[in-house]
Amino acid sequence: MEVILLERVEKLGAIGDVVTVKNGFARNYLLPNKKALRANEANRKLFETNRAKIESDNAERRTAAEASATGIDGKTVQLIRQASNTGQLYGSVSARDIVEALEADGAKVAKSQVVLDRPIKAIGMHEVRVALHPEVSVSVKVNVARSPEEADLQAQGVDVMAQMFERDTGGFTEDYDPNAEPGATAEVSADEGSTEEA
């Protein structure tokens with residue numbers, strides 16, 4: 001289906017571009033969200049007569065988004081979640097969680113503006129893109145940790161999981177007997193054996 005774009009759509013085109021998209025994408029997303037018009041003669045004439053107004057409305061929305069972007073860009077939000085010893089979360093961090101954390105920090109963001117390529121399922125520092133407008137996007141750091149102390153360490157740049165594994169492996173040593181058969185256990189000494197018999 002050919003459509004005329006009424007706003008810039010990522011990976012598709014800019015205002016006024018006539019593009020060919022799949023029917024379902026046009027019917028279910030572009031047309032209901034007023035991002036495009038069907039590309040027929042009547043709509044082309046309608047678009048050309050209203051082009052200046054559409055572009056000025058877009059410019060106003062973009063300047064408003066740029067103004068709010070200054071308060072959001074580079075922000076760090078902290079989320080405390082339960083996780084296993086390997087750092088995997090019991091559940092995941094969703095766009096709604098990030099929006100709630102940003103609102104608690106004083107930033108107004110809609111859930112649809114948070115762009116998560118995949119859900120966050122591990123502790124650590126994560127970069128998340130927030131698209132305030134099709135032409136304005138900012139990045140936010142999400143600090144996911146098991147405790148506020150762990151979050152502070154991660155904010156300072158410490159890799160908490162690597163540090164924990166170093167601590168675990170640091171105290172572990174295994175006796176090595178070069179003469180032992182593979183899979184054999186260490187033999188009991190003679191004096192231990194004599195106490196068992198008595």
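## Report on a predicted protein chain

Of the 198 residues in the protein chain, 31% are buried. Among the contacts with a sequence separation of 6 or more, 52% are made by residues 24 or more positions apart.

An open sheet of three strands runs in the order S2-S1-S3, and its pairing is antiparallel. Strand S2 (18-20) and strand S3 (36-38) are the edge strands of this sheet, each pairing on one side only. On average, and with direction ignored, neighbouring strands here are turned by 40° against each other. Strands of a sheet pair through backbone hydrogen bonds, in either a parallel or an antiparallel sense. Strand S1 (residues 2-5) pairs with S3 in the antiparallel sense over three bridges, and within this part of the sheet valine 3 stands opposite arginine 38 in S3. Helix H2 packs on the sheet, where H2 touches S1, S2 and S3, and the direction of H2 makes about 10° with that of S1.

Asparagine 43 lies in this helix, H2 (residues 41-72). Its relative accessibility is 17%, and because buried means under 20%, asparagine 43 counts as buried. Setting aside residues up to four places away in sequence, asparagine 43 touches Ile4, Leu37 and Arg38.

| Residue | Relative accessibility | Class |
|---|---|---|
| Phenylalanine 25 | 35% | partly exposed |
| Tyrosine 29 | 33% | partly exposed |
| Asparagine 43 | 17% | buried |
| Glutamate 127 | 53% | exposed |

In soluble globular proteins, nonpolar side chains tend to be buried together. The largest nonpolar core in this model has 27 residues, of which Ile98 and Val142 touch the most other members. At least two residues of this core are supplied by each of H2, strand S4 (76-80), strand S5 (88-93), helix H3 (95-104), strand S8 (124-133) and strand S9 (136-145). A second, separate core has eight residues, including Val9, Val21, Leu30 and Ala36.

With neighbours within four places in sequence left aside, isoleucine 98 is in contact with Val93, Val114, Leu116, Ile120, Val128 and Val142. Isoleucine 98 is one of the buried residues of H3, along with Ala95, Asp97, Val99, Ala101 and Leu102. The elements that cover the buried residues of H3 include S4, S5, strand S6 (114-115), strand S7 (120-122), S8 and S9. Just after H3, glycine 106 takes a positive phi of about 95°.

S4 and S9 pair in the parallel sense over five bridges, and isoleucine 80 has alanine 145 in S9 as its bridge partner. In a regular strand the side chains alternate between the two faces of the sheet. For S4, the covered face holds Val77 and Leu79, whereas Thr76, Gln78 and Ile80 lie on the uncovered face.

Glutamate 127 is found in strand S8. Is glutamate 127 buried or exposed? Its relative accessible area is 53%, and because exposed means over 50%, glutamate 127 counts as exposed. Leaving aside neighbours within four places in sequence, glutamate 127 is in contact with Ser139, Val140 and Lys141. The side chains of glutamate 127 and serine 139 are joined by a polar contact of 3.4 Å. Glutamate 127 and glycine 74 are 53 residues apart in sequence, while their C-alpha atoms are 9.4 Å apart in space.

Definitions and conventions: Residues numbered from 1 in each chain as written. Predicted model: local features only at pLDDT ≥ 70, side-chain atom pairs only at ≥ 80, totals over all residues. Heavy atoms only, no water. Helix = DSSP H or I, 4+ residues; strand = E, 2+ residues; numbered from the N terminus. Buried < 20%, exposed > 50% of the residue type's maximum accessible area, 1.4 Å probe, protein only. Contact = heavy atoms within 4.5 Å. Core = buried A, V, L, I, M, F, W, Y, C linked by side-chain atoms within 4.5 Å. Pairing = 2+ DSSP bridges. Axes fitted to C-alpha atoms, helices over the stretch in contact; angles between N-to-C directions. Polar contact = N/O pair within 3.5 Å; in protein donor to acceptor, adjacent residues only side chain to side chain.
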